[in-house]
Amino acid sequence: MSSYVGRRLAQAAFVVWAAFTVTFIALRLLPGDPVALMLSKRSTGGAPTPQEISTVRAELGFDRPVVVQYFSALGDLLQGDLGRSIQSGQAVSGTIAKSLPMTLELGAIALVLALAGGVTLALAANLGTSAVRRQIMRSVPSIIISLPSFWVGLLLIQVFSLHWRIFPSLNATGLRGLVLPAITLALPGIALIAQVLGKSLYSTMQEPYVDTIRASGAGPSRILIVHGLRNAAIPAVTVTGLLVGNLIGGAVVVETVFSRPGMGRDIGFAVTNQDLPVVQGIVVVASLAFVAVNLAVDLLYPVLDPRMRSTSRLVAAR
Amino acid sequence: MTATVFDVGRFASPASNAVRRFGSQPGLLIACAVLLLVIGWAVLPELFTDQSPVEGVAAARFASPDWQHLFGTDELGRDLYSRVVYGASLSLRAAAIAIVLAFVTGTAVGLVAGFFGGAVDAVTMRVVEMLLSIPPMLMSLVLISALGFGTLNVGIAVAMSSVAVVTRLMRAEVLRVRTAVHVEGAIVCGARWPRILLRYILPAAVGPVLALAALDFGLVVLAVSSLSFLGFGEPPPAPEWGALVAAGRNYMATAWWLTALPGLTVAVLVLSTTRLARALESGKSIR
């Protein structure tokens with residue numbers, strides 16, 4: 001088991017390195033000139049002179065050979081140094097340390113909501129025998145997934161904050177302020193889980209062992225929840241990793257809509273201001289979170305499915 | 001036990017079969033109409049509105065939706081419906097760029113990697129894994145930081161965030177098809193590899209990839225409009241759909257239609273394309 005975990009950890013390290021490298025390549029090697037773009041965004045002065053551009057290049061170390069830049073940035077990364085923001089001059093790691101808790105809080109609640117909502121919808125779609133009902137329940141996730149989350153967020157603000165004044169709208173702290181953003185962020189996840197788990201539950205219910213249990217006299221909801229859910233859970237667990245990637249991306253939009261000072265809003269600002277060190281730092285930290293969850297998901301498989309437990313032991317024993 | 005016992009469609013001609021399918025599913029008909037309408041907006045906006053998308057009438061600021069202004073007017077008295085109509089070409093263009101770029105690149109690379117195997121395949125798959133290590137939305141943001149704003153760049157950014165998935169699927173399909181009898185036959189007959197690749201493997205392997213493209217189109221429209229909402233599309237006054245919603249944010253308390261209706265347009269379009277993609281997929285599996 002320990003070598004299995006060790007291999008997974010090595011893969012996780014590869015993913016973070018890959019995220020760093022891809023970002024580096026995209027930001028330094030693509031045809032666009034980020035420094036010129038960045039300076040043209042500055043409010044003071046007119047168009048940047050070539051001299052200004054070369055000064056900023058030297059400041060950022062962009063005038064060195066790309067390979068040297070890459071390895072020096074990689075070395076800094078290993079020491080936890082993500083560079084300095086061009087806009088504010090502050091250390092990127094400090095900025096992220098400030099905004100990360102906001103995003104983690106939002107993401108964690110949204111993840112719980114997505115799982116709870118998705119499982120509920122999937123169970124509801126598979127209970128009962130009415131074909132019409134099943135058809136309707138099955139179309140619910142694909143409707144939810146089609147809604148742009150920036151629009152859903154604004155509609156929720158309109159209805160619950162501006163019209164009924166139940167929840168605070170913008171820049172709110174505390175649990176009440178989290179309700180609307182978390183729902184907005186969770187909705188696509190609810191749909192994703194409901195779709196995958198619903199399908200998997202449906203095919204599990206066709207298995208012969210379910211007929212056996214039914215013949216022994218168990219009720220439909222007991223069969224579904226006690227005997228079906230665990231067997232059908234594997235595909236849903238797999239997409240949970242994917243779901244976390246979507247939550248990270250969704251946080252960019254949701255935090256912008258609700259003006260929450262989190263990592264997602266920071267990267268939005270950083271892209272607007274062409275603040276490359278901040279963009280790169282947040283992408284690396286986000287991929288770290290992404291890979292951590294996927295690691296947890298991988299380690300969850302053997303718990304859910306004993307067959308995988310034995311193979312992973314066999315692999316480890318070899 | 002919901003299996004269809006007797007499939008009438010099997011004995012009918014494909015055309016009458018299609019008509020039957022549409023007739024029995026009004027949802028499909030509506031989805032098709034929506035898609036055609038939006039394509040019409042994009043190609044010939046003058047046909048659908050006679051009001052200017054950029055010039056406003058100062059007297060008609062913040063008019064709520066009525067027959068003259070279907071979607072109401074904005075803070076400059078511009079007709080929101082005509083802005084949405086003219087915005088269709090921008091939003092659809094970015095989505096089309098994204099989907100074509102992602103699927104042509106992914107198909108080509110996956111085809112080559114799957115067919116040649118060995119080092120080419122190993123390198124390709126490592127690159128695919130690297131691209132998949134970044135959540136799609138962040139991947140798009142990185143590319144936009146590097147390339148700058150605008151419809152074309154948003155399209156490229158969204159394409160790059162989905163090209164890895166396409167490559168992986170195409171490669172898997174090629175691996176499946178490569179050992180098929182008709183491909184082995186072609187090799188035995190002495191066909192050259194470009195012919196084998198393009199004539200025998202590509203058509204047999206591309207089906208699931210095209211199905212994915214159809215399903216992905218809705219998600220691509222969502223991604224494009226999200227990036228446009230964040231302000232990374234064409235600069236104002238370009239009426240991109242996401243940007244329209246973002247502009248309406250400032251007037252939410254007084255003019256609900258400025259955020260609600262452009263967003264609704266996106267939602268309805270995405271819903272329709274997804275519905276059509278599903279129908280195409282299930283139609284194929286019945287055959």
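Two residues are in contact if their C-beta atoms, placed from the backbone, lie within 7 Å. Keep that rule in hand for the views below. This is a predicted model, in which local features need pLDDT of at least 70, side-chain atom pairs count only at pLDDT 80 or more, and totals for chains, interfaces and linings use all residues. Residues are numbered from 1 along each chain as its sequence is written, while chains are lettered from A and ligands numbered from 1 in the order in which they are written.

**View 1. Helices H7 and H9 of chain B cross at roughly 120°.** Helices (H or I, at least four residues) and strands (E, at least two) are DSSP runs, numbered from the N terminus. Here H7(B), residues 151-178, and H9(B), residues 193-205, have axes that come within 9 Å. Axes are lines fitted to C-alpha atoms, for helices over the stretch in contact, and angles run from 0 to 180 degrees between N-to-C directions. The two helices are therefore oblique to each other; angles under 35 degrees count as roughly parallel, over 145 as roughly antiparallel, 65 to 115 as roughly perpendicular and the rest as oblique. On the H7(B) side look for B:Met170, B:Glu173, B:Val174, B:Val177 and B:Arg178, which meet B:Ile201, B:Ala204 and B:Ala205 of H9(B). The residues of this contact divide into 6 nonpolar, no polar and 2 charged. Ala, Val, Leu, Ile, Met, Phe, Trp, Tyr, Cys and Pro count as nonpolar, Asp, Glu, Lys and Arg as charged, and the others, Gly among them, as polar.

**View 2. Chain A meets chain B.** In this view, 42 residues of chain A are in contact with 39 residues of chain B. On the chain A side, H1(A) gives the most, with 8 residues. That side divides into 29 nonpolar, 13 polar and no charged residues.

**View 3. A cis peptide bond joins B:Pro236 and B:Pro237.** Omega is about 10° for this bond. B:Pro237 sits in the loop between helix H10 (207-229) and helix H11 (241-248) of chain B.

**View 4. A:Ser259 and A:Gln274 have positive phi values.** Most residues other than glycine have a negative phi. Phi is near 50° for A:Ser259, in the loop between H10 and H11 of chain A. For A:Gln274, phi is near 55°, and its loop runs between H11 and H12 of chain A. Are these residues buried or exposed? A:Ser259 is exposed, with 12 other C-beta atoms within 10 Å, whereas A:Gln274 is buried, with 26. A residue is buried if 20 or more other C-beta atoms lie within 10 Å of its own, exposed if 12 or fewer, and partly exposed in between.
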